Amino acid sequence: MSILKSIVTLAVCVQLFNQAVGQFTGPTLACGGTSLLKTTTLISPAQIGTNGAATSCSYNIRAINLRVCQLRLDFNSFNLAPPSFNPYPSCQIDTLSIANLNFNLCGENSGQHIYVPFSPTLANMTLAINFNIGSRTPGQVGPYWNVRVQQLECPVGAAYASKTAIRTESLVKTFHNDLGELAPTGCLQYYTAPTGIIKSFNFNNGGPYIGNMNYAICFRRTRTSSTLKLYADVFDLAAGDAAGYDNSCYSNIATPGRSEDFLHIPEGVAQMDQTIRANRFCGQSLNQKSVESTTPGPFVLNFNSDSTFGANGATETGFQISYQIV
């Protein structure tokens, strides 16, 4: 056997072994590092932020090939300074910023995940992930994080794939099949299990949720699925008035200063004081209540938060919702 054949055979064996042990394995990556692997874990320095000075920590994810179209970030642990009020809750002391995302994250988000679009080209194969840490009182507990980053590959010809990836098919042969893990286009979060819990960002801190956000929470739907069932263990958003649905959450007539925080549940049927059919819910209307959505097409919720805070005395804790797909 030639040396070249031996090398190719070894590479194939490594690929198959990695599949056998699972795609969620991989070494850790420290500040300033660049990952060349399908899966890696970003770790925070042990003493970051404890000396009181502002600092930053950056990581680069280099695409393993041109088929990579998304990154999935799982926050095994994630504890940054909470949002500051200026005038609404926003990330000002500590921030996680990622290329291709138009907002920053902060607060306590352990157990959460996000998807980030990634379109590598031959000229630019990397995507930057940055933690910016603000100043603290010396000795104060510093931030920490442990974030698993997985590169997800699109099949050639799929809607997810970039034109560059399609043109260079011969350069990007791969054994990985990520089709079941890819989030639908436009989804910040994608839940693949038939049951689970969704939360607003910074809910683990007791709120508040981050202001001025608008994102989609998506769920895997099978051929036999017909209903998305939700039960709000906690539901505390701002609202324009006490009713807490539809026009209370998003007025038909634009009104400056009126709250427009809401969770959009398409064709929702909520069991409140009476059965309510609505699309947007806010205030505490769903707290300890159930709601179902039987809309055709993908199961998607949209969360929107505005640039105001405390409308009608709201604390804006956020939401924790159990879901079931049947």
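**Strands, disulfides and one glutamate**

Let me start with strand E8, residues 95-98, which is covered on both faces. Thr 95 and Ser 97 lie on one side, Leu 96 and Ile 98 on the other, and all of them are buried. In general, side chains in a regular strand alternate between the two faces of the sheet. Before going further, note that this is a predicted model, and every value I quote is computed from it.

What does E8 pair with? Its partner is strand E10, residues 126-133, in the antiparallel sense and over four bridges. Within that pairing, Ile 98 stands opposite Ile 129 of E10.

E10 is also joined to E4, by eight bridges, and those two strands run antiparallel as well. There, Ile 61 stands opposite Leu 127 in E10. Put together, this gives an open sheet of four strands in the order E2-E4-E10-E8, with mixed pairing. E2 and E8 are the edge strands, each pairing on one side only. So E8 has both faces covered, although it is an edge strand of its sheet.

There is another open sheet, of five strands, ordered E1-E3-E11-E5-E9 and again with mixed pairing. Its edges are E1 and strand E9, 113-117, each with pairing on one side only. E5 and E9 are antiparallel to each other over five bridges.

For the overall picture, the protein chain has two helices and 20 strands. Of its 326 residues, 48% count as buried. The accessible surface comes to about 15300 Å², and 53% of that belongs to carbon and sulfur atoms. If you take contacts between residues at least 6 apart in sequence, 77% of them join residues at least 24 apart.

Now the disulfides. How many are there? With the cut-off for sulfur pairs set at 2.5 Å, the count comes to five disulfides. Counting the bonded cysteines along the chain, the pattern is 1-2, 3-6, 4-5, 7-8, 9-10. I will go through three of them.

One joins Cys 31 to Cys 57, with an S to S distance of 1.6 Å. The torsion about that S-S bond is about -105 degrees, so the disulfide is left-handed. Cys 31 sits in the loop between strand E1 (28-29) and strand E2 (34-35), and Cys 57 in strand E4, residues 55-62, so the link ties together parts that are 26 residues apart in sequence. E1 belongs to the five-stranded sheet, while E2 and E4 belong to the four-stranded one. Are the two cysteines buried or exposed? Cys 31 is partly exposed, at a relative accessible area of 33%, whereas Cys 57 counts as buried at 1%.

Another disulfide is formed by Cys 69 and Cys 154, with sulfur atoms 1.9 Å apart. Here the torsion about the S-S bond is about 85 degrees, so this disulfide is right-handed. Cys 69 lies in strand E5, residues 68-79, and Cys 154 in the loop between strand E11 (144-153) and helix H2 (163-167), so the pair ties together parts 85 residues apart in sequence. Cys 69 and Cys 154 are both buried.

The last one I will show joins Cys 187 to Cys 218, S to S 1.9 Å. At -85 degrees about the S-S bond, the link is left-handed. It connects distant parts of the chain: Cys 187 is in the loop between H2 and strand E12 (189-191), Cys 218 is in strand E14, residues 213-219, and they are 31 residues apart. Cys 187 and Cys 218 are also buried.

Finally, the charged residue. Glu 316 is in the loop between strand E19 (299-305) and strand E20 (318-325). Which side chain of opposite charge is nearest to Glu 316, and how far away is it? It is Arg 258, at 13 Å. Glu 316 is buried, yet has no salt bridge; the cut-off for one is 4 Å.

What does Glu 316 touch instead? Leaving aside residues up to four places away in sequence, its contacts include Gly 207, Pro 208 and Tyr 209, as well as Thr 308, Phe 309, Gly 310 and Ala 311. Asp 236, Ala 238 and Asp 261 are on that contact list too.

That is where I will stop.

How values were computed: Residues are numbered from 1 along each chain as its sequence is written. This is a predicted model: local features need pLDDT of at least 70, side-chain atom pairs count only at pLDDT 80 or more; totals for chains, interfaces and linings use all residues. Side-chain values use heavy atoms; hydrogens and water are left out. Buried means under 20% relative accessible area, exposed over 50%, partly exposed in between (1.4 Å probe, protein chains only). Lys and Arg count as positive and Asp and Glu as negative; His and the chain ends are not counted. Contact means heavy atoms within 4.5 Å. Two strands pair if DSSP finds at least two bridges between them. Accessible areas come from the Shrake-Rupley method with a 1.4 Å probe; for residues, only the protein chains shown count as cover.
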